[in-house]
Amino acid sequence: LNRTWRVIPIVLPRRSLATSKPTSTSPFVGEDAISKREQKKAKPVSNKVFQLETLNPHILEAKYAVRGEVLIKAEELRKQLETDPKSLPFDEIIYCNIGNPQQLGQKPITFFRQVLALVECPWLLSRPEISNLFARDAVSRAQQLISSVGSVGAYSNTQGFEIVREQVADFIARRDGFPSSPSNIFLSDGASPAVQSALKILIRGPQDGVMIPVPQYPLYSASLRAFNGSQIDYYLDEDNSNWGLQIDELERSYQSAKDKNIVPRGLVIINPGNPTGQCLPKDNMVQIVKFCVRNKLALFADEVYQENVYNIDRPFHSFKKVAMELGTEAKDLELLSFHSISKGFIGECGHRGGYVEMHNISSDVQAVFYKLASISLCPNVIGQSLVGLMVNPPKEGDESYPLYRKEKEVILSSLIRRANKLVTALNNLEGVKCNPVEGAMYVFPRITLSQKAINAANEAGQVPDVYYSMELLKATGICVVAGSGFGQREGTWHFRTTILPLEDQIDQVIEKLSAFHKKFMAKYRG
């Protein structure tokens with residue numbers, strides 16, 4: 001899921017109204033922020049309608065670190081390398097800042113691209129050489145899709161193609177063992193727009209809050225700020241349970257919000273975790289569902305990494321399944337479950353496809369979702385088509401199945417090896433502690449920085465882990481995201497890097513990162 005929804009941040013004090021501890025020690029939050037000094041210098045231009053001083057302040061205050069100042073610097077260095085290849089101590093930028101597999105060399109799934117080629121160029125279906133170029137089941141799948149939807153150059157239904165929503169519902173039913181209805185499925189341009197639509201509809205103003213994990217994927221904090229809602233932080237347990245979620249912490253966070261006259265309306269769970277890579281055990285998920293029912297909270301289940309599970313002792317369970325198994329205990333749970341073609345082993349980030357299943361959401365509220373979606377007419381049609389392929393891939397006996405299974409297994413087994421190799425290497429570095437990766441596509445190591453390094457960061461006008469990440473980029477070409485962009489406990493510093501560089505590159509990444517870290521620690525020792 002290449003979540004690229006961006007806003008232009010301006011530096012204002014972070015408003016996390018319902019937390020007892022700050023999630024960042026700096027207003028920069030590691031982003032391409034406009035400094036307070038620059039704000040003061042800014043002069044209104046009388047003949048301009050679009051001025052910083054007159055724009056929507058909630059949009060200006062939103063922050064999205066994944067596409068922040070470190071990436072902006074990386075793009076500057078990339079252009080410098082194009083014009084002067086010998087001017088830097090490295091010859092390429094390695095983008096470890098975002099879960100974008102195909103950018104780092106992962107090949108697309110053959111069956112998926114064959115079907116897309118045929119629906120984009122349907123005249124190929126009448127060519128005599130078609131059987132020599134495309135698998136028979138890819139041809140039949142393309143024919144089925146074209147027969148159902150017509151041209152993929154036309155708008156679809158606002159909710160998405162009915163045939164694809166039926167395929168999604170069948171997938172959910174097979175996965176969970178409980179029925180799903182196509183009428184409860186909304187297709188979307190990746191999971192992010194569906195999340196944003198739900199938050200936009202839910203939030204009435206700053207009196208409404210949504211509980212989000214810390215660390216969290218900044219889609220949630222940025223969206224809440226943009227929609228003028230309140231962010232209610234709950235902290236994951238880094239030290240005692242590999243970024244686990246403790247119900248006592250949820251209770252503390254909820255009560256803290258209530259004490260500040262904030263109305264908690266939703267709870268966000270990212271499982272497997274981003275940026276933290278943990279997988280929730282089923283008994284913990286049962287507790288979470290009961291917590292939501294007890295406190296009348298809508299549950300936002302971000303499950304886009306459900307195929308990225310690397311610990312056989314922590315298999316993926318959907319919240320839909322957990323809720324259904326609880327029966328009457330969870331009959332009142334309002335659940336929105338999100339999935340995407342961007343993650344897993346597919347990595348079709350640029351095609352932008354996803355869905356949300358609305359469980360126990362009333363028809364009149366779904367009508368509001370439909371109205372909001374209709375403003376944008378429909379999700380992109382190729383993304384919808386890929387969602388259908390993701391949930392209904394080749395089956396045993398199909399011509400494409402052996403290759404599909406091989407490609408899937410090769411990608412997922414390689415991700416496990418890369419994750420383990422990177423975690424081991426990070427834990428061998430001075431002052432670095434990295435928890436095991438149970439799922440998703442990232443590691444989120446904690447780095448212990450000396451006061452001398454913190455002072456250097458302050459002098460540079462940067463948060464310490466942003467300073468570390470920026471120095472890493474300038475020395476090695478490796479682009480990561482500072483932990484402050486995701487939120488973290490006060491006094492701790494982290495960075496997030498993907499595990500996505502291919503196996504012939506991951507050793508180079510580890511070697512460069514390790515050499516940089518040793519020099520950095522030596523420079524700022526004491």
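The text below treats cavities, then cores, then individual residues.

The model is predicted: local features need pLDDT of at least 70, side-chain atom pairs count only at pLDDT 80 or more, and totals for chains, interfaces and linings use all residues. Residues are numbered from 1 along each chain as its sequence is written, and side-chain values use heavy atoms, with hydrogens and water left out.

**Cavities**

Rolling a probe the size of a water molecule over the atoms shows where empty space is left. Here a cavity is a set of points, on a 1 Å grid over the protein atoms alone, where a 1.4 Å probe fits but cannot get out, and lining residues have an atom within 4 Å of a point. Grid points are joined across faces, edges and corners, and a volume is the space filled by probe spheres set on the points.

The largest cavity has a volume of about 80 Å³. Among its lining residues are Pro213, Tyr234, Leu245, Ile270, Asn274 and Leu280. By class, this lining comprises 8 nonpolar, 4 polar and no charged residues; Ala, Val, Leu, Ile, Met, Phe, Trp, Tyr, Cys and Pro count as nonpolar, Asp, Glu, Lys and Arg as charged, and the others, Gly among them, as polar.

The second largest cavity holds about 60 Å³ of space. Its lining includes Val115, Arg141, Gln167 and Leu389. Two or more lining residues come from each of α6 (136-149), α7 (162-176) and α14 (381-391); helices (H or I, at least four residues) and strands (E, at least two) are DSSP runs, numbered from the N terminus. This lining divides into 4 nonpolar, 4 polar and 1 charged.

**Nonpolar cores**

A nonpolar core is a set of buried Ala, Val, Leu, Ile, Met, Phe, Trp, Tyr and Cys residues joined through side-chain atoms within 4.5 Å. The largest has 126 residues, and Val168, Tyr220, Tyr355, Leu426 and Phe520 are those with the most contacts inside it. Helix α15 (residues 401-427) gives the most to this core, with 10 residues. A second, separate core of 32 residues includes Trp243 and Leu267.

**Selected residues**

Asparagine 274, a lining residue of the largest cavity, lies in the loop between β5 (263-270) and α11 (282-295). Asparagine 274 counts as buried because its relative accessibility is 2%, where buried means under 20% relative accessible area, exposed over 50%, and partly exposed in between (1.4 Å probe, protein chains only).

Asparagine 392 is placed in the loop between α14 and α15 and is buried at 14% relative accessibility. Leaving aside neighbours within four places in sequence, asparagine 392 is in contact (heavy atoms within 4.5 Å) with Arg141 and Gln167. Both of these residues line the second largest cavity.

Arginine 78 belongs to helix α3 (residues 69-83) and is partly exposed, with a relative accessible area of 27%.

| Residue | Partner | Distance |
|---|---|---|
| Asparagine 274 | Tyrosine 305 | 3.5 Å |
| Asparagine 274 | Arginine 496 | 2.8 Å |
| Asparagine 392 | Lysine 395 | 2.5 Å |
| Arginine 78 | Glutamate 75 | 3.1 Å |

Conventions: On a 1 Å grid over the protein atoms alone, a cavity is a set of points where a 1.4 Å probe fits but cannot get out, and a pocket is an open set with protein on both sides within 12 Å along at least five of seven lines; lining residues have an atom within 4 Å of a point. A polar contact is a pair of N or O atoms within 3.5 Å; within protein, one must be able to donate a hydrogen and the other to accept it, and residues adjacent in sequence count only if both atoms are side-chain atoms.
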